[in-house]
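Work through these exercises with the model open beside you. Try each task before you read its solution.

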Amino acid sequence: MPDNQTSEVDFDFHGSALDNIFETYSDLRGQCPVGRSEKHGGFWYMMNSEDIFAAEQDPSTFSVAPSMLLPAFGTDVPLIPIDIDPPEHTDYRRILLPLFTPKMVAKLDEGMHKTARELAADVASRDVVDASALFARPMPTIVFSRLAGFPEKDWPKFDQWVDDIIYERTVNPDRAWKAGQEVMEYFDNLLKERDQVEHTDDLIAELTAAEIKGRKLTHEELLSYCFLLFLAGLDTTAWAIRSSLWYLAQHPEEQERLRNDPDLIPLASEEFLRTLSPVQAMARTCLKDVEVSGQQLKQGDRVVLVFGAGNRDPQVYDRPDDIVIDRENNRHLAFGGGIHRCLGSNLGRQELIIALEEFLAAVPAFSLANPDEQWHGVGSLTLKIGK
Ligand code: HEM
């Protein structure tokens with residue numbers, strides 16, 4: 001048993017702290033799996049898979065208000081459904097569920113293959129290429145924006161907004177705030193413009209027609225859904241694709257194995273999601289005093305569930321820090337694990353699988369051209385194509 005301490009450490013899970021985060025997890029887990037960090041106004045962190053799953057499944061103790069993000073996104077309204085507790089959460093989530101079933105996602109398969117194939121052909125035609133800018137980022141933008149009904153003319157604006165809100169907010173909160181306001185304004189206008197025309201088969205249309213307890217959603221509710229889906233649907237999947245390629249670029253033998261046996265790609269994708277999780281951590285607030293792994297948390301305390309650490313918990317996984325591309329029984333926390341479990345998991349998973357299938361089929365052996373580029377984020381990934 002580790003000797004639990006209450007002294008604060010400067011543990012963070014953003015920006016350059018991610019460079020060596022897996023060593024940090026290992027150290028902190030050994031010293032104190034539930035502990036205090038002084039960052040972002042002070043928070044408790046949880047590193048063990050079991051503690052995290054238990055907190056995920058106990059919304060009456062661990063609330064998602066005021067925001068699941070620490071620090072918060074650039075908005076002053078809670079995002080639906082991610083920042084909403086039960087009982088309201090149940091209805092807000094229910095109307096999204098039918099839109100993301102495996103059957104609905106299967107309908108997108110052909111389009112996803114076509115998109116990935118076109119992008120991969122472009123990558124394959126070059127000698128040195130930024131595979132993030134030309135592949136990992138555009139794939140989810142195209143797939144999700146088409147599904148959602150975000151007009152194609154606007155797509156070029158999306159990456160900068162996502163970068164400012166998700167990645168800049170810890171170092172440049174004003175910029176994140178401004179980008180948040182711009183995105184809100186953008187969706188406000190989009191929803192108003194759409195009121196004037198007929199739409200039948202996209203996600204915004206489904207939400208506009210949806211009802212909660214016999215009433216339609218308000219304009220503000222629709223706006224909040226759009227904002228959240230925009231942020232949740234683009235960056236996470238881009239990170240998953242980019243980090244998987246980052247790993248494969250350094251393991252030519254694994255590239256070859258997956259090229260020769262593409263049936264392994266779903267298992268490999270799951271392992272990339274476990275070990276290189278796009279969402280390393282999410283926050284909660286204690287609604288009451290509670291003890292977790294020997295530490296006393298108080299009502300009002302902020303708590304961070306460190307999914308990335310839980311996903312490498314030696315109590316759960318053999319060789320937890322190794323990427324074993326045919327790992328079976330891989331129950332991980334990359335999509336969370338409670339009532340807020342990722343609604344887009346079927347879509348995100350399928351996008352990653354198809355992206356890897358098409359990339360490996362089209363692109364010959366590739367390697368990292370810039371070894372300084374890190375495993376995390378959605379920044380450039382410069383690949384050298386061909387041996
Ligand atoms: C590989 C890609 C993705 C990863 C790793 C991921 C991860 C996550 C995580 C960790 C959560 C919070 C879970 C919790 O705290 O219990 C979440 C929530 C959510 N995700 Fe994803 N996500 C991905 C893709 C997507 C996509 C493509 C969409 C849809 C467009 C999406 C929509 C959502 C929504 C709506 C929620 C909130 C669910 C709720 O509050 O009930 N995600 N996601």
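**Exercise 1. Find the handedness of the crossing of α8 and α9, then describe how the two helices meet.**

Solution. The model is predicted, so treat each value as computed from it.

Step 1. The crossing of α8 and α9 is left-handed.

Step 2. Locate the helices. Helix α8 covers residues 155-167, and helix α9 covers residues 173-195. Their axes come within 8 Å and cross at roughly 135 degrees.

Step 3. List the contacts. From α8 come K157, F158, Q160, W161, D164 and I165. They meet R175, A176, A179, G180, E182, V183 and Y186 in α9.

**Exercise 2. How far does α8 reach, and which of its residues are buried?**

Solution. Step 1. α8 has 13 residues. From its first C-alpha to its last it reaches 19 Å, close to the 18 Å expected at 1.5 Å a residue.

Step 1. The buried residues are W155, F158, W161, V162, D164, I165 and I166.

Step 2. Look for the cover. It includes α7 (138-148), α9 and α11 (219-249).

Step 3. Recall the helix rule. An α-helix has 3.6 residues a turn, so residues three or four places apart point the same way. Now trace F158, W161 and I165, which are among the buried residues of α8.

**Exercise 3. Describe how α11 and α15 cross, and which residues make the contact.**

Solution. Step 1. Helix α15 spans residues 345-362 and has 18 residues. It reaches 26 Å, close to the 26 Å expected.

Step 1. The axes of α11 and α15 come within 9 Å and cross at roughly 40 degrees. The two helices are therefore oblique to each other.

Step 2. This crossing is right-handed.

Step 3. On the α11 side, the contact is made by T237, A240, I241, S244, L245 and L248. On the α15 side, it is made by G348, E351, L352, A355, L356, F359 and L360.

Step 4. Check burial in α15. Its buried residues include G348, E351, L352, A355, L356, F359 and L360. S345, L347, I353, I354 and E358 are buried too.

**Exercise 4. What is the strand order of the six-stranded sheet, and how does β11 sit in it?**

Solution. Step 1. The sheet is open, with the order β1-β2-β3-β11-β8-β4 and mixed pairing. Its edge strands are β1 (8-9) and β4 (62-63), each pairing on one side only.

Step 1. Start with β2 (residues 34-37) and β3 (residues 43-46). Four bridges join them, and they run antiparallel. S37 has F43 in β3 as its bridge partner.

Step 2. Move on to β11. Three bridges join β3 to β11, and these strands run parallel. W44 stands opposite V303 in β11.

Step 3. Cross to the other neighbour. Strand β8 (residues 282-286) is joined to β11 by four bridges, and they run antiparallel. R284 also stands opposite V303.

Step 4. Check the faces. In a regular strand the side chains alternate between the two faces of the sheet. In β11 (residues 302-305), R302 and V304 lie on one side, V303 and L305 on the other. All four are buried, and both faces of the strand are covered.

**Exercise 5. Is V128 buried or exposed, and what does V128 touch?**

Solution. Step 1. V128 is found in strand β5. This strand belongs to an open sheet of three strands, ordered β5-β13-β12, with antiparallel pairing. The edge strands are β5 (128-130) and β12 (366-368). Neighbouring strands here are turned by 35 degrees against each other on average, direction ignored.

Step 1. Find the partner. β5 and β13 (residues 382-385) pair over three bridges. K384 in β13 is the bridge partner of V128.

Step 2. Apply the cut-off. Exposed means over 50% relative accessible area. V128 has 51%, so V128 is exposed.

Step 3. List the contacts. Not counting residues up to four places away in sequence, V128 touches A369, T382 and L383.

Step 4. Compare chain and space. V128 and L368 are 240 residues apart along the chain. Their C-alpha atoms are separated by 9.5 Å.

Terms used. Residues are numbered from 1 along each chain as its sequence is written. This is a predicted model: local features need pLDDT of at least 70, side-chain atom pairs count only at pLDDT 80 or more; totals for chains, interfaces and linings use all residues. Side-chain values use heavy atoms; hydrogens and water are left out. The expected span of a helix is 1.5 Å times one less than its number of residues. Buried means under 20% relative accessible area, exposed over 50%, partly exposed in between (1.4 Å probe, protein chains only). Two strands pair if DSSP finds at least two bridges between them. Axes are lines fitted to C-alpha atoms, for helices over the stretch in contact, and angles run from 0 to 180 degrees between N-to-C directions. A crossing is left-handed if the near helix is turned anticlockwise from the far one by less than a right angle, and right-handed if clockwise. Contact means heavy atoms within 4.5 Å. Angles under 35 degrees count as roughly parallel, over 145 as roughly antiparallel, 65 to 115 as roughly perpendicular and the rest as oblique.
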